[in-house]
Amino acid sequence: MANHQHLTLPIGIQSFEKLRKSHYYYVDKTPLIESMAKIGGYYFLSRPRRFGKSLLLDTLRCLFEGQQALFEGLYLHDTWDWQTTHPVIRISFADGVVKSREELDAHIWHQLKVQREQLALPQPPAEIISGEFSSLIRQTHAHYGQRAVVLIDEYDKPILDNILEPERARELREGLKNLYSVLKDADPHLHLVLITGVSKFSKVSLFSGLNNLRDITLLPEYTTICGYTDDDIDTVFAPELPGLDREAIRQWYNGYRWGGQEINSVYNPFDVLLLLQNRQFGPYWFESATPTFLVDVLKQRGVFTPSLDWWETEYELLSQFDVDDISTDALLFQTGYLTIKQIKEPMLGYRQYTLGFPNHEVETSLNHALLPSLGVENGPRERRTLFKHLQQHDLASLETHLKALYAGLPHDWYRNNPIAQYEGHYASVFYSHFAALGVQVTVEDASHHGKVDMTVDFGGHLYLFEFKVVEQLPEGRALDQIKQKGYADKYRATGKPIHLIGVEFSREKRQIVAFDVETA
């Protein structure tokens with residue numbers, strides 16, 4: 001049922017009660033939590049920041065506390081047994097940054113104390129954290145005559161906030177492990193446990209012995225448990241859409257997938273709400289917390305940026321996240337900068353995943369953030385110049401501009417920077433400069449670090465680039481290669497003018513030595 005009156009946009013609202021009692025838009029997620037809530041058990045869900053995990057937990061809390069009126073009109077209202085309630089213990093690490101084990105323990109004590117008070121438990125607290133959490137669960141069960149529900153929000157934040165300091169991160173990991181280890185033996189007293197966060201630490205390091213913890217992060221039936229679907233945008237938010245380009249909303253903010261199918265992709269909810277409020281497109285989510293740590297890691301590891309759009313990986317690498325072992329794949333995927341584009345199972349039980357940028361916002365913003373680490377200091381000015389030449393389809397000026405871009409890479413930067421020694425550096429600068437502008441860039445072949453083949457679709461023209469690194473002298477072969485590969489063929493039907501551009505770059509001269517153009 002489409003709602004035609006304007007409601008309030010729920011920006012930053014994490015309280016289910018507030019959402020339902022005031023006039024906020026609400027996307028009904030209760031069909032997705034039904035089986036989990038009814039059957040119970042131990043669940044783990046990882047999603048990027050600002051995807052609505054806290055609201056999800058609060059929805060479950062209200063459900064188990066039996067707040068029936070809040071669910072009026074929602075899917076679960078008529079199928080839920082409102083006579084049976086469960087006491088809820090909720091622990092969150094979302095607030096503040098803890099810098100030491102002492103601060104973490106104080107934070108945990110405070111949370112346990114608040115929970116004990118809210119549940120009105122008569123007995124005094126235990127002496128140690130694990131003892132208190134354990135007795136809190138047992139006493140809650142005894143006091144209410146129903147098994148407890150434990151909801152843990154941002155379970156990993158204390159570690160992530162200190163991930164650049166491995167010693168401290170390990171210390172905090174031990175503190176959290178001390179708390180979470182209680183869950184295993186509390187099983188008889190628990191109905192449901194849901195643990196959410198951004199990353200997925202190995203069970204061994206944080207949940208030792210909790211073998212029945214079901215990771216629903218990549219299960220197809222839970223893929224849309226956080227975020228908005230196309231249908232949600234078209235129905236729930238219908239009153240807000242007039243005046244905005246619907247297809248642009250899709251290109252900018254949709255595209256997150258945790259299952260395999262295109263149909264199940266979701267929009268970043270934070271972005272959508274801010275777009276509907278501000279009425280203009282912008283990288284809202286990206287800017288809400290620039291990923292300095294991620295940029296540093298990509299810089300240290302010399303990541304070939306054109307490959308970010310088609311990144312092949314396996315399940316182990318996607319879930320390998322620990323203080324001493326953070327795979328680049330897991331980091332990019334879990335933080336939400338890359339998402340699943342494709343899942344193949346060439347052999348039973350062996351799945352290959354292909355990751356890529358979810359959407360325009362992330363591709364543009366992440367490349368923009370990476371340019372300084374590739375040596376390009378004056379991003380905004382360079383972007384303006386690139387835009388102007390593409391807009392005028394002026395290829396001679398484009399050549400001059402790109403040569404100036406490379407001439408501008410500081411000399412001492414090469415001395416101090418391991419990335420400069422790495423063969424993919426020049427091609428990364430080339431690709432990221434275009435991608436950061438936000439024009440439509442398609443990477444055709446990013447398999448070899450010394451080169452990149454890419455198509456830029458802008459202003460009614462298509463530009464097909466072959467970029468390759470030669471030792472010293474121009475070889476004049478880049479242009480021939482584009483022709484041989486026939487990349488232009490698939491674009492001929494568009495009717496747009498096609499420019500084939502072969503760019504050759506000398507590593508010794510640190511400069512473009514050939515820029516051959518042919519218009520097809």
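This is a predicted model: local features need pLDDT of at least 70, side-chain atom pairs count only at pLDDT 80 or more; totals for chains, interfaces and linings use all residues.
Residues are numbered from 1 along each chain as its sequence is written, and side-chain values use heavy atoms, with hydrogens and water left out.

**Exercise 1.** Work out how helix H18 is oriented relative to helix H19.

Step 1: find the helices. H18 covers residues 379–391 and H19 covers residues 395–407. Helices here are DSSP runs (H or I, at least four residues), strands are E runs of at least two, and both are numbered from the N terminus.

Step 2: get the geometry. The two pack at about 160 degrees, with axes 9 Å apart. Axes are lines fitted to C-alpha atoms, for helices over the stretch in contact, and angles run from 0 to 180 degrees between N-to-C directions.

Step 3: classify. H18 therefore counts as roughly antiparallel to H19. The cut-offs are under 35 degrees for roughly parallel, over 145 for roughly antiparallel, 65 to 115 for roughly perpendicular, and oblique for the rest.

Step 4: look at who touches whom. Glu-382, Thr-385, Leu-386 and His-389 of H18 meet Ser-397, Leu-398, His-401 and Leu-405 of H19; contact means heavy atoms within 4.5 Å.

**Exercise 2.** Now do it again for H17 and H22.

Step 1: H17 (residues 360–370) and H22 (residues 425–437) pack at about 130 degrees, and their axes lie 7 Å apart.

Step 2: that angle makes H17 oblique to H22.

Step 3: on the H17 side, the contact uses Glu-363, Thr-364, Asn-367 and His-368, while H22 brings Tyr-431, Ser-432, Ala-435, Ala-436 and Leu-437.

**Exercise 3.** Describe the second largest pocket and say which element gives the largest share of its lining.

Step 1: its space is about 810 Å³. On a 1 Å grid over the protein atoms alone, a pocket is an open set of points with protein on both sides within 12 Å along at least five of seven lines, and lining residues have an atom within 4 Å of a point. Points are joined across faces, edges and corners, and a volume is the space filled by probe spheres set on them.

Step 2: 27 residues line this pocket, and the closest to its centre are Gln-251, Asn-359, His-360, Glu-363 and Gln-440.

Step 3: H17 gives the largest share of the lining, with 5 residues.

Conventions
On a 1 Å grid over the protein atoms alone, a cavity is a set of points where a 1.4 Å probe fits but cannot get out, and a pocket is an open set with protein on both sides within 12 Å along at least five of seven lines; lining residues have an atom within 4 Å of a point.
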